[in-house]
Amino acid sequence: MQPGDWVYCVNPHEYVFGWLGYIDWIRPPECKVVFVRTRLNQPVREERRILLSRLEPAGVSTDWTSSELNALIDLALDTRDEEWFYELATRKGGERVDTV
């Protein structure tokens, strides 16, 4: 894992278990993660130092449904990740991107 990678907290004893975030910095054995979505898919912005062993890389799927792509596009906008936004918008193709 490296800074910028998207990760999930996989330790059930952590408050942020199941949350999605990205790595801000790494100083083994720990790192700082900026969590942006709870396991219930609610937007948050919580920075937390956490052990690398309690994280798992977020998988990259090419089989997203249109509504899942819309949610990811919203997340890219929320986190101001312009490169990811354009990548997702390209995957969505000519369809309209419904964002709020």
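A: The residue considered here is R48, which has its place in strand β4. The description rests on a predicted model.

R48 is partly exposed, because its relative accessible area of 26% falls between the limits of 20% for buried and 50% for exposed. Residues up to four places away in sequence aside, R48 touches E14, Y15, V16, C31, K32, V33 and F35. The side chains of R48 and E46 are joined by a polar contact of 3.5 Å. R48 and V34 are separated by 14 residues in sequence, yet their C-alpha atoms lie 6.5 Å apart in space.

The pairing of the strands gives this neighbourhood its setting. Strand β4 covers residues 43–51 and pairs with β3 in the antiparallel sense, over seven bridges. Within this pairing, R48 of β4 is the bridge partner of V33. The two strands β3 and β4 form a hairpin with five residues between them. In the turn, N41 has a positive phi of about 65°.

Strand β3 also pairs with β2, again in the antiparallel sense and over seven bridges. A hairpin of two residues joins β2 to β3. In this second pairing, L20 stands opposite R37 of β3. Seven of the eight residues of β3 are buried, so the strand is mostly covered. In a regular strand the side chains alternate between the two faces of the sheet.

The largest has 13 residues, and W6, L20, Y22, V36, L75, W84 and L88 touch the most other members. The elements giving two or more residues to this core are β2 (20–27), β3 (30–37), α1 (66–78) and α2 (82–92). Of these, α1 provides the largest share, five residues. Beyond its neighbours within four places in sequence, L75 is in contact with W6, L20, V36, R37 and W84.

Another core lies apart from this one and has eleven residues, including V16, C31, V33 and F35. These four residues are also among those that R48 touches.

Note on methods. Residues are numbered from 1 along each chain as its sequence is written. This is a predicted model: local features need pLDDT of at least 70, side-chain atom pairs count only at pLDDT 80 or more; totals for chains, interfaces and linings use all residues. Side-chain values use heavy atoms; hydrogens and water are left out. A nonpolar core is a set of buried Ala, Val, Leu, Ile, Met, Phe, Trp, Tyr and Cys residues joined through side-chain atoms within 4.5 Å. Buried means under 20% relative accessible area, exposed over 50%, partly exposed in between (1.4 Å probe, protein chains only). Helices (H or I, at least four residues) and strands (E, at least two) are DSSP runs, numbered from the N terminus. Contact means heavy atoms within 4.5 Å. Two strands pair if DSSP finds at least two bridges between them. A polar contact is a pair of N or O atoms within 3.5 Å; within protein, one must be able to donate a hydrogen and the other to accept it, and residues adjacent in sequence count only if both atoms are side-chain atoms.
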